[in-house]
Amino acid sequence: METLFYIVPALMIAVASCAVVVVIRRSVRVSRAWNSGLTAEARCLRTYTTTSGGGDSSVRTTLHHVYEFTTREGRGVRFEEHGGPGTILEGDIVTVHYPADRPEHATARPPAQGKLVAGTGCLLAFLGTFILFAVGFMAVAHAMFSVAGDFPQP
């Protein structure tokens, strides 16, 4: 029974750690695209939404866009981006930023380094606090089980 007080927080820490990696990778990817200096005109090929949740939980809807553009080398690239503005419709032309070595990591979001840093920082602070809480919970549980082990059992 005691092991649950170690296993469950350890799994929560593992999931939160994976989320930290995903957040940092996404931030670096978008920042590299913005800092590359390479832009192209892309056409929005498709927009669609996905929903998650429901039942007893709230429903969350995410807007997706599928874009296609041609790099300076003449290579055709198609990519999908979620969470974009609802004002971009199929057939619209937008400016995309992309890194030369990985044009499939393009973004149609306009450069906003401060917003990216603030959003990433807030997410990392939340996940770090979550991980510290889980570690603290494990430490308190360990201390309680250690003290309980010193008492004679009836």
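This is a predicted model: local features need pLDDT of at least 70, side-chain atom pairs count only at pLDDT 80 or more; totals for chains, interfaces and linings use all residues.
**The whole chain**

The chain contains 2 helices and 4 strands, arranged along the sequence in the pattern α-β-β-β-β-α. Its radius of gyration is 23 Å, well over the 15 Å given by the globule rule for 154 residues, so the chain is more spread out than a compact globule. Along the principal axes, the C-alpha atoms fill a box of roughly 80 × 35 × 25 Å.

Next, display the surface. The accessible surface of the chain comes to about 10,200 Å², and carbon and sulfur atoms account for 64% of it. Of the 154 residues, 27% are buried. Among contacts with a separation of 6 or more, 62% join residues 24 or more positions apart.

**Helix α1 against helix α2**

Turn to the aromatic rings, which form 6 pairs in total. Select Phe 5 and Phe 145. Their ring centres are 5.4 Å apart and their planes meet at 65 degrees; as an angle over 60 degrees counts as edge-to-face, the pair belongs to that class. Phe 5 lies in helix α1 (residues 4-35) and Phe 145 in helix α2 (residues 113-150), so the pair ties together parts that are 140 residues apart in sequence.

Select Phe 69 and Tyr 98 next. Their ring centres are 5.1 Å apart and their planes lie at 40 degrees, so this pair is tilted. Phe 69 belongs to strand β2 (residues 60-70), while Tyr 98 sits in the loop between β4 (93-97) and α2; the pair links distant parts of the chain, 29 residues apart. Phe 69 is buried, with a relative accessibility of 2%. Tyr 98 is likewise buried, at 1%.

**The cysteines**

How many disulfides does the structure hold? The count is 0. Cys 44 is buried at 2% relative accessibility, which falls under the 20% limit. Cys 122, in contrast, is exposed at 56%, which is over the 50% limit.

Technical notes
Residues are numbered from 1 along each chain as its sequence is written. Side-chain values use heavy atoms; hydrogens and water are left out. Rings of Phe, Tyr and Trp (its six-membered ring) pair if their centres lie within 6.5 Å; planes under 30 degrees apart count as stacked, over 60 as edge-to-face and the rest as tilted. Buried means under 20% relative accessible area, exposed over 50%, partly exposed in between (1.4 Å probe, protein chains only). A disulfide is a pair of cysteine sulfur atoms within 2.5 Å. The radius of gyration is taken over C-alpha atoms; the globule rule is 2.2 Å times the number of residues to the power 0.38. Contact means heavy atoms within 4.5 Å. Accessible areas come from the Shrake-Rupley method with a 1.4 Å probe; for residues, only the protein chains shown count as cover.
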